[in-house]
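Visitor: Hey, I'd like to get to know this protein a bit. Can we look at it together?
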Amino acid sequence: MLVVNFKTYLEATGKRAIELARVADEVSKETGANIIVAPQFTDIEPVSKTVDIPVFSQHVDSVKPGAHTGHVLAEALKSVGAEGSLLNHSEKRISRSEIAESVKLCADADLRSLVCVDTTEASVDVAKMFPDIIAIEPPELIGTGISVSKARPELITMSVKEIRKVNRSAKILCGAGVTTAEDVSKALELGSEGVLVASGVVKNKDPRAILQSMASALFLERKSLF
């Protein structure tokens, strides 16, 4: 699984978001890799109408329909074509209770939940909430170009081990500093099932080429399992 977070980069805003999502969609079809894109709220509907790959929101609020000005409902995201949402990214931290409630609200709205965590302890805590996907991402490495799979491999292996003691179903990804196919391969070797990427793809001069190389790494690792 390869999740591309568009964040609020101009390279992935408006028409550029649609263009980048289309590239990801084409690479997914060419390689067979499971690619998910997470554009800004305002781009979810046009992107979802353009591509066949899953489109995630970058956040959802832990509120139910009612008087919550400025908040984003899970139901609203579903209505514009989102299939899931990121939660608790290091740039959009929420409390433990909000994570638990948001995971539940996503499930109720038929949205998949991807919860970001920064420590093994946090990953185990979140695993007990039974989200669909858990992404291990130490914030100090985000945007540095230094992959967590190289800088802190023990964080991935230990987190995967501890998560599996309490949750056998959640997909486990890793992120922060993932910029090359080698980073992807290393992440898979350490026990994750994919990666969460952002600037390494979005701000790359050739997004198609880097996506193809990362997707190929996913495919080669998958073949080696059989």
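Visitor: Okay, which strand does serine 113 lie in?
Guide: Serine 113 is in strand β5, which covers residues 112-117. Keep in mind that this is a predicted model.
Visitor: Got it. Is serine 113 buried or exposed?
Guide: Buried, because its relative accessible area is 1%, and the cut-off for buried is under 20%.
Visitor: Which residues does serine 113 touch, not counting those up to four places away in sequence?
Guide: Serine 113 touches Ser85, Leu87, Val103, Cys106, Pro131, Asp132 and Ile133.
Visitor: Now isoleucine 35. Where does that one lie?
Guide: Isoleucine 35 lies in strand β2, residues 35-38. With a relative accessibility of 1%, isoleucine 35 counts as buried too.
Visitor: How far apart are the C-alpha atoms of isoleucine 35 and leucine 2?
Guide: Those C-alpha atoms are separated by 4.7 Å, although the two residues are 33 residues apart along the chain. Leu2 is also on the contact list of isoleucine 35, together with Val4, Ala24, Val27, Ser28, Ile53 and Pro54, once neighbours within four places in sequence are left aside.
Visitor: What about glutamate 26, which helix is that in?
Guide: Glutamate 26 is in helix α1, residues 15-31. Glutamate 26 counts as partly exposed, at 30% relative accessibility.
Visitor: Where is asparagine 88, and is it buried or exposed?
Guide: Asparagine 88 sits in the loop between β4 (84-87) and α4 (96-108). At 8% relative accessibility, asparagine 88 counts as buried.
Visitor: And what is phi for aspartate 110?
Guide: Aspartate 110 has a phi near 60 degrees, which is positive, and this residue isn't a glycine either. You'll find aspartate 110 in the loop between α4 and β5. Aspartate 110 is exposed, because its relative accessible area is 54% and the cut-off for exposed is over 50%.
Visitor: Let's zoom out. How many helices and strands are in the protein chain?
Guide: The chain has ten helices and eight strands. Of its 226 residues, 51% count as buried.
Visitor: How does the radius of gyration fit with a compact globule?
Guide: It agrees: a compact globule with 226 residues would have a radius of gyration near 17 Å, and the protein chain has 16 Å. The C-alpha trace spans about 50 × 40 × 35 Å along its principal axes.

Definitions and conventions. Residues are numbered from 1 along each chain as its sequence is written. This is a predicted model: local features need pLDDT of at least 70, side-chain atom pairs count only at pLDDT 80 or more; totals for chains, interfaces and linings use all residues. Side-chain values use heavy atoms; hydrogens and water are left out. Helices (H or I, at least four residues) and strands (E, at least two) are DSSP runs, numbered from the N terminus. The radius of gyration is taken over C-alpha atoms; the globule rule is 2.2 Å times the number of residues to the power 0.38. Buried means under 20% relative accessible area, exposed over 50%, partly exposed in between (1.4 Å probe, protein chains only). Contact means heavy atoms within 4.5 Å.
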